[in-house]
Every structure is written in structure tokens, then in C-alpha cells.
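Reader: I would like to go through this model feature by feature. Please give the general idea where there is one, and then the case at hand.

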Amino acid sequence: MLGIKHLYTQPKCIKQPLTLDFVRMVCELTPDQVASWDLTLFRSQAVILLGFQAALRRSELVELDMCDLHFDGGDFYTVDVHRAKNDPNGEGKRTYIVASPQAPEYDVKNVVQRYLAAGSAGRSMACTKAADPTHPCFA
């Protein structure tokens, strides 16, 4: 049995962690530096910065709704995660992000607001879950 396992299994692919240099590079990109610029630049910046600062997994980022982001705190922001990999009971968790007013290009609130404004689809940071319960952040 051990021989069959080694014959037909794929080697484990170890993912590389996101580095601070990569996050800086993505956040400092401007529309004139990108060959095919569109809304995806602002979306990528928002997703990468939010995921990096809140230490979220890809599956947790996908599940976020606008109501899960709370930018009303002064020195910090909160993100409510409903289903986490390390949450066996499904209770969810609250993650805190420190605000960075000294560096607005790295402030999650500013980057998410810029993404929503660039979409010009009338989206705002206001919670619209009552009107649309499946209002994802980064659709």
C-alpha cells in the first residue's frame, strides 16, 4: 500500500507567503504604470492590502460583505470573518487593523474607498445588507 501511495500522489506544493515588499510595490502602482489599466488595479490593491493587514486567507476574503468592514473606529478598523479555517464551531472572529493616517496609500479605508469610487456603480462603504444580503466587497 505504501508503494501505491508514492506512485500516484502529487508532491505537496508549498505556497510562498506574501512579502511586505510585494505589498508596497502593488500599493504604489499608479494607473499610468500599468499597461492595461482598468478597475482591477484598485481592486487588487484593496484585496491585497486588506488581506495582508487583517491576516486573512483567500477563502475569508471571498466571503466578506460590506457589512463586515467597520471603518468607524479612530485608531483601528475591524473586520468580521464569519467562517474561518481555524474556527471549528463556526462562531466567526473579529480581526483588528491599525489605521495608518500618516501613510494614506497604505490605509485600508482609503484604498477600499478609492476602489468603490472608481467603480462608479453607486457603491459606497455603507452597509447594504438589508437591501442585498449577498453584497460582496470585491465582486
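Author: Start with contacts between residues at least 6 apart in sequence: in the protein chain of this predicted model, 49% of them join residues at least 24 apart.

Reader: Which elements does the protein chain contain, and how do they run from the N terminus on?

Author: The chain has 5 helices and 3 strands. Their order from the N terminus is α-α-α-α-β-β-β-α.

Reader: Take helix α2. Which of its residues are buried?

Author: In α2, residues 20–27, the buried ones are V23, V26 and C27. These residues lie on the same side of α2, because they cover an arc of only 95 degrees around the axis. What covers them includes α3, residues 40–54.

Reader: How should I read a pocket?

Author: Rolling a probe the size of a water molecule over the atoms shows where empty space is left. Here, the largest pocket holds about 350 Å³ of space.

Reader: Which residues line the largest pocket?

Author: The lining is made up of K15, Q16, P17, L18, I48, G51, F52, A55, L56, R57, R58 and L61. Two or more lining residues come from each of α3 and α4 (58–62). The most is given by α3, with 3 residues. By type, the lining divides into 7 nonpolar, 2 polar and 3 charged residues.

Reader: A55 is in that lining. What should I look at in its backbone?

Author: Most residues other than glycine have a negative phi, and most peptide bonds are trans. A55 is not a glycine, yet its phi is positive, at about 55 degrees. The residue sits in the loop between α3 and α4.

Reader: Is A55 buried or exposed?

Author: Exposed counts as over 50% relative accessible area. A55 has 57% relative accessibility and therefore counts as exposed.

Reader: And T95: where does it lie, and what is it in contact with?

Author: T95 is in strand β3, residues 93–98. Buried means under 20% relative accessible area, so T95, at 13% relative accessibility, counts as buried. Leaving aside neighbours within four places in sequence, T95 is in contact with A54, L56, Y77, T78, V79 and V81. Of these contacts, L56 is also one of the residues that line the largest pocket.

Reader: Where is K85, and which residues does K85 touch?

Author: K85 lies in the loop between β2 and β3. Its relative accessibility is 71%, so K85 counts as exposed. Not counting residues up to four places away in sequence, K85 touches R57 and E60. R57 is among the residues in the lining of the largest pocket.

Key:
Residues are numbered from 1 along each chain as its sequence is written. This is a predicted model: local features need pLDDT of at least 70, side-chain atom pairs count only at pLDDT 80 or more; totals for chains, interfaces and linings use all residues. Side-chain values use heavy atoms; hydrogens and water are left out. Buried means under 20% relative accessible area, exposed over 50%, partly exposed in between (1.4 Å probe, protein chains only). Helices (H or I, at least four residues) and strands (E, at least two) are DSSP runs, numbered from the N terminus. The arc is that of the directions from the helix axis to the C-beta atoms. Contact means heavy atoms within 4.5 Å. On a 1 Å grid over the protein atoms alone, a cavity is a set of points where a 1.4 Å probe fits but cannot get out, and a pocket is an open set with protein on both sides within 12 Å along at least five of seven lines; lining residues have an atom within 4 Å of a point. Grid points are joined across faces, edges and corners, and a volume is the space filled by probe spheres set on the points. Ala, Val, Leu, Ile, Met, Phe, Trp, Tyr, Cys and Pro count as nonpolar, Asp, Glu, Lys and Arg as charged, and the others, Gly among them, as polar.
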